[in-house]
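Subject: Structure for your review

Dear colleague,

Please find the structure below, followed by a short account of what was found in it.

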Amino acid sequence: MNALPLPALVATQDTLIQANPLDYVFILIYFAFVLGIGLMARRSVSSSIDFFLSGRSLPAWVTGLAFISANLGAVEIMGMSATGAEFGMPTVHYFWVGAIPAMLFLGVVMMPFYYGSKVRSVPEFMLRRFGPGAHLVNSLSFALAQLLIAGVNLYLLASIVHALLGWPQWLALIIAAAIVLSYITLGGLSAAIYNEVLQFFVIVAALLPLTLLGLHRVGGWSGMEDKITAFADSNPGVTPAAEQLNSWPGQALSGFDNPFWSVVGIVFGLGFVLSFGYWTTNFVEVQRAMASNSISAARKTPIIGAFPKMFVPFITIVPGMVAAVLVSEIFRLKGGEAVPGGATGTGVKYNDALLYLMRDVLPNGMLGLAITGLLAAFMAGMAANISAFNTVFSFDLWQTYVIKDREDSYYLGIGRLATVGATVIAIFTALIAGNFGNIMDYLQTLFGFFNAPLFATFILGMFWKRMTSTAGWAGLVAGTLSAVALWSASTFGGIFTLPGQGLAFVAASTAFVVDIVVSIVVSLATTPKTSAELKGLVYSETPKEDLVDPHEATLPLVQRTVPLALIALGMVLILNILF
């Protein structure tokens with residue numbers, strides 16, 4: 001009897017991508033490395049700090065790459081390529097305005113407080129600054145957000161498995177979840193971080209050839225611009241070519257017709273509220289810096305990550321723009337058609353842009369490398385969400401409010417159980433993510449709900465010692481509810497509509513402003529903590545020597561925190577001017 005080709009042995013339906021045995025070799029080798037790292041990391045896990053924070057023992061270059069790789073998941077890969085296909089160059093604002101400045105602020109200003117206070121999580125910092133009310137609100141909202149965002153990464157990971165093997169979505173979700181669960185449960189944060197470093201290089205090796213081959217197929221950068229212009233001119237309902245090919249004023253992305261208000265929306269809504277809210281208070285990212293071996297390494301972690309971060313648009317957004325003019329399914333979708341097919345089989349969405357481009361431009365072998373890169377990206381993203389969730393659940397919820405004062409091994413066991421539970425729940429939250437044609441719409445909505453008010457509370461509490469514990473939780477609740485109410489009024493009430501990401505920007509800005517106002521009013525009516533209680537938690541009450549590493553002054557200039565941050569800031573300003 002003749003042997004069946006590999007896809008026929010496992011597939012139950014037609015696949016979007018036609019892989020061959022050579023492609024599967026790359027995938028199997030990668031999975032062997034992933035599980036091997038998990039097994040090796042397990043040997044270094046002997047306490048809860050080892051499992052949740054890698055024993056605070058890792059160098060800055062490792063945590064810096066992990067910092068970026070943890071974020072290089074669904075948002076960066078499928079979400080940014082989808083938004084690039086839909087809106088074009090304005091999507092770079094998510095990086096050059098909506099990430100780099102906040103990452104530099106985190107490293108220079110906020111990491112000394114996180115690392116110096118020796119807290120185990122961002123919510124634990126909230127507990128020390130504002131007490132149990134704000135701590136509980138933050139812990140619960142963060143845990144919920146991580147379960148929802150882990151579902152995003154898992155959904156897209158399952159989409160790749162479905163597109164590759166043709167398995168039903170439910171089976172793909174379970175298989176994909178089991179892979180991530182295995183190495184996180186084995187090695188904790190160390191396994192996640194070392195895998196994230198590996199995944200960073202795999203992702204770049206996968207997406208760079210795809211970008212270069214895609215540009216070659218459309219005649220280079222100028223050829224892509226010409227095709228986008230021709231398509232926009234022949235389809236009046238499509239975003240004008242000038243808006244797609246220039247990052248400013250970014251009206252297609254912001255949803256504002258007026259150029260001035262578009263810039264304001266991007267700079268304030270995305271660049272300040274959403275960006276600073278995400279990067280400076282999101283424990284998923286901060287946890288990587290907390291695993292560093294010194295306060296200097298912790299400060300440099302997000303700054304080191306800023307350098308590769310500013311070039312990621314060229315391997316995520318640009319392929320989406322190429323797909324919009326090269327892939328028939330995507331430019332038909334952009335022209336207003338309902339196109340059958342897609343990774344899930346329920347119709348083509350912008351989230352499918354990268355998959356279809358891979359299908360059309362990559363030969364077998366290189367296709368396997370690209371698929372491996374996508375799998376690596378989604379596993380990195382989901383693992384980051386799960387590892388942050390299990391820390392907050394174990395320390396900030398279970399140990400603080402349920403069962404206190406047990407031996408360390410007990411909480412280590414709780415962490416492993418929380419990992420299993422979060423992975424199972426993520427299978428169900430993945431189904432929610434599948435209802436959004438552009439995954440960025442979903443994610444920016446979540447960030448507006450949870451991160452924007454949290455940043456308002458943090459920034460006010462860190463620089464205004466008069467802010468009280470009652471104001472901490474009251475501002476958080478009021479800010480979150482205002483964002484949810486605004487979003488609901490638009491989505492369900494039809495009171496107003498904003499295209500693009502405009503609704504997310506406005507909801508986040510509203511949450512920020514409401515949080516600040518409520519926090520100030522409540523603070524003036526309640527009693528603050530004493531100056532002694534605020535040492536290490538408020539800028540004005542913390543000695544400057546507690547915020548820096550005394551040994552850093554002996555390093556070369558480019559290895560010091562502030563000069564390194566200024567170099568990164570200068571580079572990103574140049575990119576904003578050029579594009």
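In what follows, a residue is called buried when its relative accessible area is under 20%, exposed when over 50%, and partly exposed in between (1.4 Å probe, protein chains only). This is a predicted model, in which local features need pLDDT of at least 70 and side-chain atom pairs count only at pLDDT 80 or more, while totals for chains, interfaces and linings use all residues. Residues are numbered from 1 along each chain as its sequence is written, and side-chain values use heavy atoms, with hydrogens and water left out.

The buried residues are Ala353, Leu354, Leu355, Tyr356, Leu357, Met358 and Val361.

Helix α19 (residues 353–361) packs with helix α20 (residues 366–402) at an angle of about 165 degrees, their axes 10 Å apart. The two helices, α19 and α20, are therefore roughly antiparallel to each other, a term used for angles over 145 degrees.

On the surface, Phe260, Trp261, Val264, Phe268, Val513, Val517 and Val521 form a nonpolar patch with about 640 Å² of accessible area together. Such patches are made of residues with over 30% relative accessible area and no salt bridge, nonpolar side chains being joined within 5 Å; a salt bridge is a side-chain nitrogen of Lys or Arg within 4 Å of a carboxyl oxygen of Asp or Glu. Helix α14 gives the largest share of the patch, four residues. Val264, found in α14, is partly exposed, with a relative accessible area of 33%.

Yours sincerely

Definitions and conventions. Patches are made of residues with over 30% relative accessible area and no salt bridge: like charges are joined within 9 Å, nonpolar side chains (Val, Leu, Ile, Met, Phe, Trp, Tyr) within 5 Å. Accessible areas come from the Shrake-Rupley method with a 1.4 Å probe; for residues, only the protein chains shown count as cover. Axes are lines fitted to C-alpha atoms, for helices over the stretch in contact, and angles run from 0 to 180 degrees between N-to-C directions. Angles under 35 degrees count as roughly parallel, over 145 as roughly antiparallel, 65 to 115 as roughly perpendicular and the rest as oblique.
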